[in-house]
Amino acid sequence: MSPQQLGSLAHIGFLMLPNFSMIAFANAVEPLRMANHLSRKRLYRWSLISSDGQPVAASNGLALAPTGEPGAPADYDLLIVCGGIQVREATTDAELAIIRKFAQAGVPLGGVCTGAFALAKAGVMNGYRSSIHWENLSAIREEFPKTQFSSELFVIDRDRLTCSGGTAPLDMMCTLIRHKGGKGLAADVSAQFIVDRIRDQHDHQHIPLLARVGTGHESLIDAALAMEMNIENPRPLDDLAAELGVSLRHLERLFKRYLGSTPAQYYLDLRLRRARELLLQTNMSVMEVTVATGFLSSSHFSKSYRNLFGYPPSRERQQLSLEAAIM
């Protein structure tokens, strides 16, 4: 979607699946309410939808009553599917029919937490990039190979807006608010919820390594942990493999199979993501961050940073200064 289209979204429907995540739902709705409150305008309105018109219980046992009509797609600018636990059982033919009806009407679709599963099950995510809670990443990639699932916090790909769980929907909604009400309003909404900064699509979910590779791969886990502990002074990979009692070739095979990367690339990305944290969360200069993340030259650091994030580290700091000035 273009910035103009994102800025035109006003009426958002939330399709509640049984056992949906209340925290993900709240973090999607509350920024809209706060945007209305701070702007003193009705920028957004929202409706809750259930497949049978009855209240739907979240995973914490609290039930919410529907306020919207699932049979009127033309009334909505966006439909967001709210998922949670046991999403396969929660996604019935009735929910799939609603999703397909909205898709056929040309309504943009979204999902929070595991809502992307229901979208993929409905067949409306083929050829799209998507985000989903990290616990579901491995299985869903196998089940829906025509969708490119990412570990990013949220993904906006054309007319599909998908988000992982927890607090990540707040960041996605603040992105929508920025396109509608400006950066200042988005920053003010974030500040109201005691959030230091609005994360973007370059931020990834923190996926516990054990969840990514499973048990029985101690060499891989130990290697990754050793890398995390040696950011400022990167360890030579040959030394790291020798210390773990495996060959470098064996380590490379493990990283490729379970993490989809080489040890060198994984180590480099780890250092660059740490650098981004320092740029966004501290007052360290770019040169100080360069040194703190083990780069020997600022040119190598800048080139590597641009290759991963699409822009130089100096832009990260400039953006942070701009947001601070707005607030």
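Predicted model: local features only at pLDDT ≥ 70, side-chain atom pairs only at ≥ 80, totals over all residues.
Local features were taken at pLDDT of at least 70 and side-chain atom pairs only at pLDDT 80 or more, while totals for chains, interfaces and linings use all residues. Residues are numbered from 1 along each chain as its sequence is written, and side-chain values use heavy atoms, without hydrogens and water.

The protein chain averages a pLDDT of 89 (the predictor's confidence in each residue, from 0 to 100). At least 70 is reached by 93% of the residues. Over residues 322–327, pLDDT stays under 50. For that stretch the model has 5 contacts beyond four places in sequence (contact: heavy atoms within 4.5 Å).

Helices (H or I, at least four residues) and strands (E, at least two) are DSSP runs, numbered from the N terminus. Helix 4 covers residues 93–104. Its 12 residues should span 16 Å at 1.5 Å a residue (1.5 Å times one less than the number of residues). The end C-alpha atoms are 16 Å apart, which agrees. Glu95, Leu96, Ile98, Ile99 and Phe102 are the buried residues of helix 4. Buried means under 20% relative accessible area, exposed over 50%, and partly exposed in between (1.4 Å probe, protein chains only). Seen down the helix axis, the buried residues of helix 4 fall within an arc of 160°, so they line one face. The arc is that of the directions from the helix axis to the C-beta atoms. Asp93 and Gln104 are exposed on the other side. The packing partners of the buried residues include strand 1 (11–16), strand 2 (45–49) and helix 5 (115–121). Glycine 106 follows helix 4, with a positive phi near 80°.

In helix 8 (residues 183–192), the buried residues are Leu185, Ala186, Ala187, Val189 and Ser190. They pack against helix 2 (22–39) and helix 7 (168–181). Isoleucine 194 follows helix 8, and its phi is positive, near 55°.

The whole structure holds 7 salt bridges (a side-chain nitrogen of Lys or Arg within 4 Å of a carboxyl oxygen of Asp or Glu). One joins glutamate 143 and arginine 88, at 2.5 Å, N to O. This pair links helix 6 (residues 137–143) to helix 3, 55 residues apart. Glutamate 143 is partly exposed at 34%, and arginine 88 is partly exposed at 40%.

Arginine 129 and glutamate 152 form another salt bridge, at 2.3 Å, N to O. Arginine 129 lies in strand 7 (residues 129–131), and glutamate 152 in the loop between strand 8 (148–150) and strand 9 (154–157). Glutamate 152 is buried at 10%, whereas arginine 129 is partly exposed at 26%.
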